[in-house]
Amino acid sequence: MAKTIHRNFKEIADAEQARAALLNAGWRATAVQVNRHEARQADTSTSAVRNLFDSLTPDAADNTDQPLASPAALLSVDVDDDVHREQADAIMRHYGATEA
């Protein structure tokens, strides 16, 4: 029974290169899916809460003023067994994948 593993990438190009490498290694095109992370529009409530919390934290003392880096893409890969999972993981790590 196939399982799907998911890995994040900081750059879309890295996810696409990992996908190409998986296809070259024999994965079916339907088994490897790149999904771009889309930034959500901040609504008024979200902005107000963010501003409130920002005002309660010390400036730069604890690095809370720096935005967290968010992944640009998610790569989902169908694997049949542990051997395929390890192969897919190795290929994706080569392109900078992190656990999703």
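Reader: How many bridges join strand β1 to strand β3?

Author: The model is predicted. In it, β1 covers residues 3-9 and β3 covers residues 73-79, and the two run antiparallel. Lys 3 stands opposite Val 79, and His 6 faces Ser 76. The number of bridges joining β1 to β3 is seven.

Reader: Which residue in β4 stands opposite Asn 8?

Author: Strand β4 comprises residues 98-99 and runs antiparallel to β1, joined to it by two bridges. The residue of β4 opposite Asn 8 is Thr 98.

Reader: Which residue in β3 stands opposite Val 32?

Author: Strand β2, residues 32-36, pairs with β3 in the antiparallel sense over five bridges. Within β3, the residue opposite Val 32 is Val 77.

Reader: How many of the seven residues of β3 are buried?

Author: Strand β3 has bridges to β1 and also to β2. A residue counts as buried when its relative accessible area is under 20%. By this criterion β3 is mostly covered, and the number of its residues that are buried is six.

Reader: Is Asp 82 buried or exposed?

Author: Asp 82 lies in helix α3, residues 82-94. It belongs to a surface patch of negative charge together with Asp 80, Asp 81 and Glu 86. The threshold for an exposed residue is over 50% relative accessible area. Because its relative accessible area is 59%, Asp 82 is exposed.

Note on methods: Residues are numbered from 1 along each chain as its sequence is written. This is a predicted model: local features need pLDDT of at least 70, side-chain atom pairs count only at pLDDT 80 or more; totals for chains, interfaces and linings use all residues. Side-chain values use heavy atoms; hydrogens and water are left out. Two strands pair if DSSP finds at least two bridges between them. Helices (H or I, at least four residues) and strands (E, at least two) are DSSP runs, numbered from the N terminus. Patches are made of residues with over 30% relative accessible area and no salt bridge: like charges are joined within 9 Å, nonpolar side chains (Val, Leu, Ile, Met, Phe, Trp, Tyr) within 5 Å. Accessible areas come from the Shrake-Rupley method with a 1.4 Å probe; for residues, only the protein chains shown count as cover. A salt bridge is a side-chain nitrogen of Lys or Arg within 4 Å of a carboxyl oxygen of Asp or Glu. Lys and Arg count as positive and Asp and Glu as negative; His and the chain ends are not counted. The place of a charge is taken as NZ of Lys, CZ of Arg, CG of Asp or CD of Glu. Buried means under 20% relative accessible area, exposed over 50%, partly exposed in between (1.4 Å probe, protein chains only).
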